[in-house]
Amino acid sequence: MEKKQAKRTGRKPKTDPADYKFSFRLNAQERGKFEKLFLESGARDRTIFIKKSIFSEQLKVIKVDKVSMDYYIRLGEFYRQFQAIGNNYNQVVRAVQKNFGDKRAMSLLYKLEKATLELILLNKRIMALTKEYEQKWLQR
């Protein structure tokens, strides 16, 4: 009679398992430096970080400038407000033309046009400041 082979369960064994373990000790100052380097590298875990460091593989260091990130988030919010103003602008022009006489509509539209020109100048100033900020602080 033939024996039925039992069905194997669990994960498949690795072809090249890491069977060797090494350990080392660090003092407080070395540990602080190690943790700083580990966090800057962006490695998923300390084992990968240590292996790449030992075998001289290239480590990625990602530095996030929180001030720049906050600036660009606020700039994005500002852009969305400009889009909303543009939408409201079109609705106001339609409502003014529909609900007021020609003379009154022209005077209101003139005031709206002056406010729009101020917004355009403000937008140009913001773009100039953003370019200046990028050139001065975001070195690529």
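Predicted model: local features only at pLDDT ≥ 70, side-chain atom pairs only at ≥ 80, totals over all residues.
Reading from the N terminus, the order of elements is α-α-α-α. Let's walk through them together.

**The chain as a whole**
- The protein chain holds 140 residues, and buried residues make up 10% of them.
- Take the contacts in the protein chain with a separation of 6 or more: 38% of these join residues 24 or more positions apart.

**Helix α1 and its two sides**
- Helix α1 covers residues 28-41.
- With 14 residues at 1.5 Å a residue, α1 should span 20 Å, and this agrees with its end C-alpha atoms, which are 20 Å apart.
- Which residues of α1 are buried? They are Phe34, Glu35, Phe38 and Ser41.
- What do the buried residues of α1 pack against? Their partner is α2.

**How α1 meets α2**
- Two packed helices are described by the angle between their axes and by the distance between the axes.
- For α1 and helix α2 (residues 46-54), the angle is about 95 degrees and the axes are 10 Å apart.
- Angles of 65 to 115 degrees count as roughly perpendicular, and α1 and α2 are therefore roughly perpendicular to each other.
- On the α1 side, the contact is made by Phe34, Glu35, Leu37, Phe38 and Ser41; on the α2 side, Arg46, Phe49 and Ile50 take part.
- Sorted by class, this contact of α1 with α2 has five nonpolar, one polar and two charged residues.

**A closer look at phenylalanine 49**
- You can find phenylalanine 49 in helix α2.
- Is phenylalanine 49 buried or exposed? Buried means under 20% relative accessible area, so phenylalanine 49, at 6% relative accessibility, counts as buried.
- Phenylalanine 49 and phenylalanine 38 are 11 residues apart in sequence, and from C-alpha to C-alpha they are 6.6 Å apart in space.

**Helices α3 and α4**
- Helix α3 takes in residues 66-99, and its 34 residues should span 50 Å at 1.5 Å a residue; the end C-alpha atoms are 49 Å apart, which agrees.
- Its neighbour in this story, α4 (102-137), has 36 residues and reaches 51 Å from its first C-alpha to its last.
- That reach of α4 is close to the 52 Å expected at 1.5 Å a residue.
- The buried residues of α3 are Ser68, Val93 and Val96, and what covers them includes α4.
- In α4, the buried residues include Ala105, Leu109, Ile126, Thr130 and Tyr133.
- What covers the buried residues of α4 includes α3.

Terms used. Residues numbered from 1 in each chain as written. Heavy atoms only, no water. Axes fitted to C-alpha atoms, helices over the stretch in contact; angles between N-to-C directions. Helix = DSSP H or I, 4+ residues; strand = E, 2+ residues; numbered from the N terminus. Parallel < 35°, antiparallel > 145°, perpendicular 65-115°, else oblique. Contact = heavy atoms within 4.5 Å. Nonpolar A, V, L, I, M, F, W, Y, C, P; charged D, E, K, R; others polar. Expected span 1.5 Å × (residues − 1). Buried < 20%, exposed > 50% of the residue type's maximum accessible area, 1.4 Å probe, protein only.
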